[in-house]
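This note is intended for a colleague meeting the model for the first time. Please read it alongside the coordinates.

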Amino acid sequence: MKLSNFYLNTLKEAPQEAQLISHQLMLRANMIKQTASGIYTWLPLGLRVLRKVENIVREEMNKAGAIELSMPMTQPAELWQESGRWQDYGPELLRFKDRHQRDFCLGPTHEEIISDIIRQEIHSYRQLPLNLYQIQTKFRDEVRPRFGVMRSREFLMKDAYSFHTEEKSLVETYNDMAQAYRDIFTRIGLDFRAVSADSGSIGGDTSQEFHVLANSGEDALAFSDNSDYCANVELAESICLEARPEPTQSMELQETPNVRTIKQVSQLLDIPETQCVKLLLVKGTQDDAIALILRGDHQLNEIKAEKHPLIATPLSFVEENIAEKIFNCHFGSLGPVGITIPLIVDNYAAQVADFCCGANQQNHHYIGVNWGRDLPQPETYDLRTVEQGDPSPDGKGKINIRRGIEVGHVFQLGKKYSDAMKLTIQNKEGEEINPYMGCYGIGVSRIVAASIEQNNDQRGIIWRQQIAPFDLHIVLINPKKNPEINALIEQVETLCQQHHLEVITDDRPLSPGNKFADADLIGCPHRLVIGEKGLKNGELEYKARSCEQSEAIPLDNWQEKLITQITLNKG
């Protein structure tokens, strides 16, 4: 394909609103064009990459036994009302009315639609297990779309749904899908981790996320430096191996004027933050107040906390004016000594002796406080967020924290939707049962951006060959009607076709510098320079995009040398 006939308008500089490198490079390389906030047109170069990702996903899903279908993006409200998610899903669900004033939404996901299809079409256990998938546009009305296609409102997603009469069958398909995801991300060439995760608004008991490791990732991942353990920080278990020392101090009341934070208390009383505890007030399931205690230097993990049976979901904090009415002091003076409301203490906070805490008196703190002496032995619970260097929960090594971009998620939904939507199947005994369900999603368009986040340099994108828009980028130097050059180009293109390689030839009347800059920006894995000067010297210039140095290929055996170089430097 000739670049002069292709649609490409590259930019030297990225628009100021583009923060992530993937967003900058996708705009500069003319892969995408913003139509509205969080909504993008995929231009020809970007679409070629998107389709290659899509094809890899489709091939691996088919190989894993899933069957493709296509469901409507527009969904009737009645189905979402049946599942209970019409209100629960929140403002991300874009609701609208048709001309007959009937309620609809744009689908962010398709559990309701697929459940409705199955309850009408499938009636016997003999028809299960069944795993159906689609690759389709989704819409989620993000409050703050950002980072280009990384967090857009409209995006391309692969979503699959499986149905089973037995939980054992669900687990088998769940594991098969997780393996298919590993195969997909490996084929694409991503550095990724599979991590235990929270199921969020989709629901279910068990889920696993797949993250591409990148400094720009929105999610923090905790993984062991000496094992395969890996989990989202939201779920990673905090293991406390410390034993509580014996008390060495007596409890004393200290005046702490104008002190409201642990840091201020620590500085005023010259006590390390690790020797302080802090009290947080959250709302309980009985519309009461629950006190959470953490060590002064630790952070509350809200996802973990709201799983405690006494704590209301979603977790919300008691307002300060209400707390002041209960304790007659501001937040900065709250502490666990003498309080009568339920108290939940983090495992680490329970191992601190001679600690400092609020005295529940305005501008006063206690020092030298000890569990079991000055206040009862506490009920403990894992409340804190894991940190770099913590012991790994599997007992092997220490925790490292890395950033990740979520590109896939697999769920064991159980019977959440089949129960709510009265989806029943007749089992072997002739009984009507609600089948188990699984749900498996991949952000196809997000994978494109995630791959760029991992594979770029100061000049542009460095595509892995599996998803590159073209395999070989030919740069013509001072193109003229030179029969020898034209014949050589035809030979190169024919050779590449024989080896199933796609070629783009830059025949535009631009300077060599501009052509090389565009070639580096677009990031095709292989580049070949053809010009009269090289031909006179009896050579072509080859360069792998991932390498700094170019290499000369002799004209007397260029076919073999070119294919050898492409094979050696395959992305």
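The numbered points below go from the chain as a whole to individual elements and residues.

1. Basis of the note. The structure is a predicted model, in which local features need pLDDT of at least 70, side-chain atom pairs count only at pLDDT 80 or more, and totals for chains, interfaces and linings use all residues. Residues are numbered from 1 along each chain as its sequence is written, and side-chain values use heavy atoms, with hydrogens and water left out.

2. The chain overall. The secondary structure comprises 15 helices and 30 strands; these are DSSP runs numbered from the N terminus, with helices (H or I) of at least four residues and strands (E) of at least two. The C-alpha trace spans about 95 × 65 × 50 Å along its principal axes. Of the 571 residues in the chain, 53% are buried. Here buried means under 20% relative accessible area, exposed means over 50%, and partly exposed lies in between, with a 1.4 Å probe and protein chains only. Among contacts with a separation of 6 or more, 69% are between residues 24 or more positions apart; a contact means heavy atoms within 4.5 Å.

3. An open sheet. Three strands are arranged in the order β13-β18-β17, with antiparallel pairing; two strands pair if DSSP finds at least two bridges between them. The edge positions are taken by β13 (252-255) and β17 (355-358), each of which has a single partner strand, so one side of each is left without a neighbour in the sheet. From one strand to the next, the twist averages 30°; axes are lines fitted to C-alpha atoms, and angles run from 0 to 180 degrees between N-to-C directions. Strand β13 is joined to the antiparallel β18 (residues 364-369) by four bridges, and Glu252 stands opposite Ile367 in β18.

4. A parallel pair. Strands β26 (residues 472-477) and β27 run in the parallel sense and pair over four bridges. Ile474 stands opposite Thr505 in β27. In a regular strand the side chains alternate between the two faces of the sheet. In β27 (residues 503-506) both faces are covered: Val503 and Thr505 are buried on one side, and Ile504 and Asp506 on the other.

5. A buried lysine. Which side chains or backbone atoms does Lys158 reach? Lys158 belongs to strand β8 (residues 154-164). It is buried and has no salt bridge, the nearest side chain of opposite charge being Asp159 at 7.2 Å. In this count Lys and Arg are positive and Asp and Glu negative, while His and the chain ends are not counted. The side chain of Lys158 makes a polar contact of 2.7 Å with that of Tyr181, and it reaches the backbone oxygen of Tyr440 at 2.9 Å. A polar contact is a pair of N or O atoms within 3.5 Å; within protein, one must be able to donate a hydrogen and the other to accept it, and residues adjacent in sequence count only if both atoms are side-chain atoms. Leaving aside residues up to four places away in sequence, Lys158 also touches others, including Val57, Met61, Ile135 and Val444.

6. The chain has 38 salt bridges, each a side-chain nitrogen of Lys or Arg within 4 Å of a carboxyl oxygen of Asp or Glu. One of them joins Arg85 and Glu111, whose closest N and O atoms are 3.0 Å apart. Arg85 lies in helix α4 (residues 85-88) and Glu111 in helix α5 (residues 111-121), so the pair ties together parts 26 residues apart in sequence. Both residues are buried.

7. A salt-bridge network. Asp457 and Arg545 meet in a salt bridge at 2.8 Å, N to O. This pair links distant parts of the chain, with Asp457 in strand β24 (residues 456-457) and Arg545 in the loop between β29 (539-544) and β30 (551-554), 88 residues apart. Salt bridges that share partners join Asp457, Arg459, Asp520, Arg527, Glu541, Arg545 and Glu548 into one network. Asp457 also forms a salt bridge with Arg459, at 3.4 Å between the closest N and O atoms. Arg545 is buried at 4% relative accessible area and Asp457 is buried at 17%, whereas Arg459 is partly exposed at 24%.

8. Helix α11 (residues 444-454) has 10 of its 11 residues buried, among them Val444, Arg446 and Glu453. Val143, by contrast, counts as exposed at 84% relative accessibility; it is found in the loop between β7 (130-139) and β8. The C-alpha atoms of Val143 and Pro91 are separated by 8.1 Å, although these residues are 52 apart along the chain.
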